[in-house]
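Subject: Structure handover

Hello,

Here is the structure for your files. My notes follow below it.

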Amino acid sequence: MSPDVSTVDTSAAATDALRAALAEIGPRWASDIAFYSQRTKDAYDPVLARAPKADIAVTRDVAYGDHARQVLDIFRPVDAKTAPVVVFVHGGAFVRGAKRTTDELYDNVLYWFARQGFVGVNIEYRLAPEAAYPAGAHDLALALDWVQRHIGSHGGNPGRVLLIGHSAGGTHVASYACDPALGYLGRHVSAVVLISARLRADQSPVNPNAMGVRAYFGDDSSLYDIRSPVSHATHCHLPVLVAAAEFENPLLDVYALEFAHRLAQARGRAPRFVQMKGHNHMSIVAHFNTEEETLGRIILDFFDQEGRA
């Protein structure tokens with residue numbers, strides 16, 4: 001059984017400037033990911049700086065563990081009472097990245113969900129090589145334990161948690177939700193969204209982040225398959241939405257389809273899969289809290305339909 005794939009044309013909802021910037025980058029994304037990632041951030045930052053943020057209270061750098069990077073930010077609508085919770089996990093090829101990669105990214109994701117009535121939680125975590133596999137999933141487990149104990153005092157409902165991971169953050173989310181060896185299997189979570197996630201560890205010649213994969217998953221590539229989230233997709237019992245950009249880091253879209261296919265085989269029905277037409281690996285999250293809301297609305301519908309505890 002193949003995954004249910006929908007290709008979403010979001011260009012009509014984007015501003016002219018953003019639409020032009022994304023079109024200029026287009027399939028050139030993979031030829032110089034660092035350069036075009038910065039171009040994408042530069043295009044979105046001024047738009048996000050003007051984006052709606054009123055009536056959202058933000059609490060920064062709340063510790064959920066002892067390490068300096070084991071901190072999270074909370075985005076609370078001022079009238080939140082037992083609101084659903086969205087937990088976001090950033091990317092960075094396992095060796096870099098932060099919950100605020102610029103002054104606007106990734107705050108924009110949590111601001112948008114807070115505007116929809118969620119309490120948002122933006123997680124930072126330890127990086128490789130200091131914190132190698134499976135440290136990302138362990139940090140996520142610590143953060144979600146914190147959410148379970150404390151989010152009620154911030155107006156959130158710990159029984160309604162949507163967990164979203166982007167890129168390497170999606171790896172940690174998928175490992176947390178699916179890998180039986182880690183023992184978490186998505187506890188405290190109602191549903192999962194994997195956005196441009198690295199779901200298979202590889203040392204492919206086309207992998208621009210092969211060094212990051214090695215730093216996190218280790219030097220012994222014979223262990224990569226058993227450590228890859230895609231190998232454990234059948235153990236995931238949570239509702240899952242898989243999203244990929246049209247212009248991805250090489251093979252991430254292929255691994256996303258592989259993960260969705262394995263879920264479909266195990267469940268006898270296809271999970272939700274969306275390809276964001278015109279978007280690249282960075283803009284697929286950078287566009288949140290702009291005029292474009294297609295992916296956000298798809299996620300809200302998914303959570304409303306399938307993520308009820």
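In which helix does Ser 175 lie? Ser 175 lies in helix H5, residues 168-178. Helices here are DSSP runs of H or I with at least four residues, strands are E runs of at least two, and both are numbered from the N terminus.

Two notes on the source. This is a predicted model, so local features need pLDDT of at least 70 and side-chain atom pairs count only at pLDDT 80 or more, while totals for chains, interfaces and linings use all residues. Residues are numbered from 1 along each chain as its sequence is written, and side-chain values use heavy atoms, with hydrogens and water left out.

Overall form

The chain has 10 helices and 9 strands. Along the principal axes, the C-alpha atoms fill a box of roughly 50 × 45 × 40 Å.

Of the 309 residues, 59% are buried. Buried means under 20% relative accessible area, exposed over 50%, and partly exposed in between, with a 1.4 Å probe and protein chains only. Contact means heavy atoms within 4.5 Å. Among contacts with a separation of 6 or more, 78% join residues 24 or more positions apart.

Cores

The largest nonpolar core has 59 residues. Such a core is a set of buried Ala, Val, Leu, Ile, Met, Phe, Trp, Tyr and Cys residues joined through side-chain atoms within 4.5 Å. Helix H4 (residues 135-150) gives the most to this core, with 7 residues. Another core lies apart from it, with 43 residues, including Ile 56, Phe 75, Leu 162 and Phe 303.

Val 87, Leu 163, Tyr 176, Leu 194 and Phe 259 touch the most other members of the largest core. Beyond four places in sequence, the contacts of Val 87 include Val 121, Ile 123, Leu 144 and Leu 163.

Helix H5

Tyr 176 is also placed in helix H5. Tyr 176 counts as buried because its relative accessibility is 0%. Beyond four places in sequence, Tyr 176 touches residues including Ala 137, Leu 144, Leu 163 and His 188. Its C-alpha atom is 7.8 Å from that of His 138, 38 residues away along the chain. Ser 175 is buried too, at 5% relative accessible area.

Backbone points to check

Most residues other than glycine have a negative phi, and most peptide bonds are trans. These sites depart from that.

- Leu 105 and Tyr 106 are joined by a cis peptide bond, with omega about 5°. Tyr 106 is in the loop between strand S4 (83-89) and helix H3 (107-115).
- Ala 128 and Pro 129 are also joined by a cis peptide bond, with omega about 5°. Pro 129 is in the loop between strand S5 (119-123) and H4.
- Leu 251 has a positive phi, near 80°. Leu 251 is partly exposed, at 27% relative accessibility.
- Asn 289 has a positive phi of about 70°. Asn 289 is buried, at 3% relative accessibility.

Val 285 lies in helix H9 (residues 283-286), and its contacts include both Leu 105 and Tyr 106.

Best wishes
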